[in-house]
Amino acid sequence: MEAKKRKIILDVDTGSDDALAIMAALLSPELEIVGICTVNGNRPVEFTTENTLRVLELMKQDIPVIRGCATPIVATLDPLRKMRQRSNDGVNAEGEKVTYHAEYLPLPPATKKPLPGTNAVCWYIDTLMNAKENLNLVLTGPLTYFALAYRAEPDIVKNVDEIIIMSGGHDQRNSTAASEYNVFIDPEATAVVLDCGVKITMMTLDSTHKANMRPKHMEIFRSWKNPVGDFVAEEIEARLKAYNTMQPLHEPDIAPIHDALCILYMLDPTVVTKIRHLRCDVVCGGIADGQTLFDTRHFNDAPRNVYACLDTDEEKFATMLVEILSRSKGL
Ligand code: BDR
Ligand code: CA
């Protein structure tokens with residue numbers, strides 16, 4: 001008998017690594033994607049929406065895409081926050097332009113449009129309030145509109161089993177000395193979501209900096225000589241160059257595919273090798289703006305609200321991702 005599929009909603013700011021996460025989810029028969037909501041993040045929401053639609057067309061899939069918020073809840077009201085925002089773009093030593101996330105993914109323009117007459121906040125409320133069975137949420141961008149939907153209708157969480165987010169960092173950060181990008185863009189939204197009372201599993205940068213693709217993987221994808229393989233190879237190459245130039249990690253020539261770790265974790269939780277159940281609060285404002293502050297005191301009595309994923313089996317991640325994406329060869 002076929003195992004029951006887990007129904008998921010994806011929230012994305014596509015985004016090169018979001019694209020690979022969407023593809024991995026589409027290619028996993030264990031999962032059924034109910035809808036994909038887009039948000040302002042790696043690029044403005046017009047781009048992240050169009051990019052999401054492009055990925056779906058590459059994968060020959062027709063799943064509702066629902067456009068979400070164009071700005072964070074309040075973060076842009078503070079000019080200092082805006083000043084600290086990192087750029088996606090740089091120039092490497094060879095004078096070549098590099099970027100973590102191009103405005104448009106290098107795919108044909110989408111022929112489909114996002115779902116008309118709604119937005120992600122309303123869609124979330126309608127979908128979750130009327131769900132016949134429980135859903136899982138995989139949130140790989142800033143948490144703006146899930147926070148707004150929850151504020152508008154707190155009962156939406158009654159039909160949610162688990163929320164899996166790419167968010168935050170314990171020892172690792174990227175946007176500022178204190179914060180990870182998705183939290184940095186909308187710290188207040190993150191704070192709301194972390195206390196919504198549902199089981200939250202958080203892929204921190206500590207785990208996603210081990211969720212890497214390398215040049216050898218890029219070659220595998222390129223050897224397929226098909227549109228999916230070419231696209232994945234191109235995105236990995238762009239990320240390798242961007243990380244080498246703007247954010248060298250613990251070793252050169254690695255490209256973290258942060259968001260895909262959320263999906264691979266759903267398929268096989270052992271891909272993550274260190275998880276701690278902790279209290280996590282978000283610092284909103286000040287010098288540590290956007291920090292996910294984990295309380296590691298064993299004697300604390302504040303309610304623990306996240307399962308923080310802090311390390312990854314790097315080999316397993318890479319093997320799984322290549323295998324899952326290879327299922328696209330027939331497309
Ligand atoms: C996160 O920020 C974005 O740039 C990526 O898509 C990922 O979700 C990593 O900090
Ligand atoms: Ca993302």
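N300 is found in the loop between β12 (292–295) and β13 (306–312); helices (H or I, at least four residues) and strands (E, at least two) are DSSP runs numbered from the N terminus. This is a predicted model, where local features need pLDDT of at least 70, side-chain atom pairs count only at pLDDT 80 or more, and totals for chains, interfaces and linings use all residues. Residues are numbered from 1 along each chain as its sequence is written, chains are lettered from A and ligands numbered from 1 in the order written, and side-chain values use heavy atoms, with hydrogens and water left out.

Back to N300: it is buried at a relative accessible area of 10%, where buried means under 20%, exposed over 50% and partly exposed in between (1.4 Å probe, protein chains only). Leaving aside residues up to four places away in sequence, N300 touches R279 and D295 (contact: heavy atoms within 4.5 Å). Its side chain also makes a polar contact with that of D295 at 3.3 Å (N or O atoms within 3.5 Å, one able to donate a hydrogen and the other to accept it; residues adjacent in sequence count only if both atoms are side-chain atoms).

D13 sits in the loop between β1 (6–12) and α1 (16–26) and T140 in the loop between β6 (135–139) and α5 (144–152), so the pair ties together parts 127 residues apart in sequence. D13 is buried at 0% relative accessible area, and T140 is buried too, at 2%.

On a 1 Å grid over the protein atoms alone, a cavity is a set of points where a 1.4 Å probe fits but cannot get out, while a pocket is an open set with protein on both sides within 12 Å along at least five of seven lines; lining residues have an atom within 4 Å of a point.

| Space | Volume | Lining by class |
|---|---|---|
| Largest cavity | about 130 Å³ | four nonpolar, six polar, seven charged residues |
| Second largest pocket | about 160 Å³ | two nonpolar, one polar, five charged residues |

Of the 17 residues lining the largest cavity, D17, N42, R86, H101 and H258 are the closest to its centre. For the second largest pocket, α10 gives the largest share of the lining, four residues.

How values were computed
Grid points are joined across faces, edges and corners, and a volume is the space filled by probe spheres set on the points. Ala, Val, Leu, Ile, Met, Phe, Trp, Tyr, Cys and Pro count as nonpolar, Asp, Glu, Lys and Arg as charged, and the others, Gly among them, as polar.
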